[in-house]
Amino acid sequence: RDRHRPRALGRDDYFSGRRVLVTAGPTQEPIDPVRYVGNRSSGRMGYAIAQAAWRRGADVTLVTGPSTLDHPWGVDVVPVETAQEMFDAVADLVGSADVAVFAAAVSDFRPSDVREKKVKRSEEGDTLSVDFQANPDVARDTRGARKQGSVTVGFALETHDMLEHAQRKLESKGFDLLVANDATEEGAGFGVSTNRVTILGVGHDPEVLPLLSKDEVAERLLDRVSGSTAPEAGGS
Ligand code: CTP
């Protein structure tokens, strides 16, 4: 659909010519040459943001874990598999990004030792233990490399105490905006094309959005980034 839509029509003064970096999708952390530990992220939210930013005239790079989605039209795509690879790609790119959106569902842990050969059932007992070690935090640990004056957006997928956890992530990872969603709500989170999100911003009351398509959530988020619909500080 976007291929037939001239982007000139969608140009937006804020995004036109700006560099936007988006992370999206899951990461896959290998256990052995044929197996990995992953998560249920489809990449849809991040891909929608990348496409919407391109439509508004931005120069967009999408660093994406494995996803079955078509590449967004007009966007530079950097495919990665592991959290470490995503970290390396973002560390290279974040210094030139005017807007950085961290929508990826990054595995917080990876198997400590990747087995060189396939784990054989016949050589294991009734249980298999895999030790994990922490991965880098792509958003937090590249904070020092961000471009001065850039706007950063994080995501938080929670199953309980959403606002409290989201507020903590906004602060601890140094985001300007944070998109929070509750994975237990119908129509929100992984594997669906809709989302019900609350946008938190430094100095603003949380903005609760209705159930929307992920494309619409992307547009509302970019409106917030460009400040055009930012609610008044302390307002409702
Ligand atoms: N994130 C990241 N690298 C990680 C983990 C998270 O860049 N290793 C980013 C995500 O892209 C998202 C934000 O940090 O923008 C919050 O991710 P989330 O998984 O909700 O938070 P965690 O820090 O993993 O916290 P927790 O597991 O305690 O919920």
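In the predicted model, a polar backbone atom of V138 lies 2.9 Å from a nitrogen atom of the ligand. The protein covers 75% of the 570 Å² of accessible area that the ligand has on its own. In total, 14 residues surround the ligand, and the closest of them are F102, A104, D108, K169 and K173.

The sheet is considered next. Eight strands form an open sheet with mixed pairing, and their order is β5-β4-β1-β6-β9-β10-β12-β13. Because β5 (76–79) and β13 (207–208) stand at the edges and have a single partner strand each, one side of each is left without a neighbour in the sheet. In general, the strands of a sheet pair through backbone hydrogen bonds, and this pairing is either parallel or antiparallel.

Within this order, strand β1 (residues 19–24) is mostly covered, since five of its six residues are buried. Strand β1 pairs in the parallel sense with β4 (residues 59–64) over six bridges, and β1 pairs with β6, again in the parallel sense, over four bridges. Residue V20 illustrates both pairings, as V20 stands opposite V60 in β4 and has V99 as its bridge partner in β6. Strand β6 (residues 99–102) is in turn joined to β9 by four bridges, and these two strands run parallel; here V101 has V153 of β9 as its bridge partner.

Helix α3 (residues 162–172) has buried residues M162, H165, A166 and L170. After the helix comes G174, whose phi is positive, near 65 degrees.

Two further residues were examined individually. D32, which lies in strand β2 (residues 29–32), has a relative accessible area of 2% and therefore counts as buried, the limit for this class being under 20%. A polar contact of 2.6 Å joins the side chain of D32 to that of R35, while a polar atom of the D32 side chain lies 2.9 Å from the backbone nitrogen of V34. Although D32 and E116 are 84 residues apart along the chain, their C-alpha atoms are separated by 6.0 Å. When its neighbours within four places in sequence are left aside, D32 is in contact with V114, R115, K117, K118 and V119.

The second residue, S42, is found in the loop between β3 (35–37) and α1 (44–55). S42 counts as buried because its relative accessibility is 18%. A polar atom of the S42 side chain lies 3.1 Å from the backbone nitrogen of R44. Apart from neighbours within four places in sequence, S42 is in contact with S67 and L69.

Notes: Residues are numbered from 1 along each chain as its sequence is written. This is a predicted model: local features need pLDDT of at least 70, side-chain atom pairs count only at pLDDT 80 or more; totals for chains, interfaces and linings use all residues. Side-chain values use heavy atoms; hydrogens and water are left out. Buried means under 20% relative accessible area, exposed over 50%, partly exposed in between (1.4 Å probe, protein chains only). A residue is near a molecule or strand if one of its heavy atoms lies within 4 Å of it. A polar contact is a pair of N or O atoms within 3.5 Å; within protein, one must be able to donate a hydrogen and the other to accept it, and residues adjacent in sequence count only if both atoms are side-chain atoms. Accessible areas come from the Shrake-Rupley method with a 1.4 Å probe; for residues, only the protein chains shown count as cover. Two strands pair if DSSP finds at least two bridges between them. Contact means heavy atoms within 4.5 Å.
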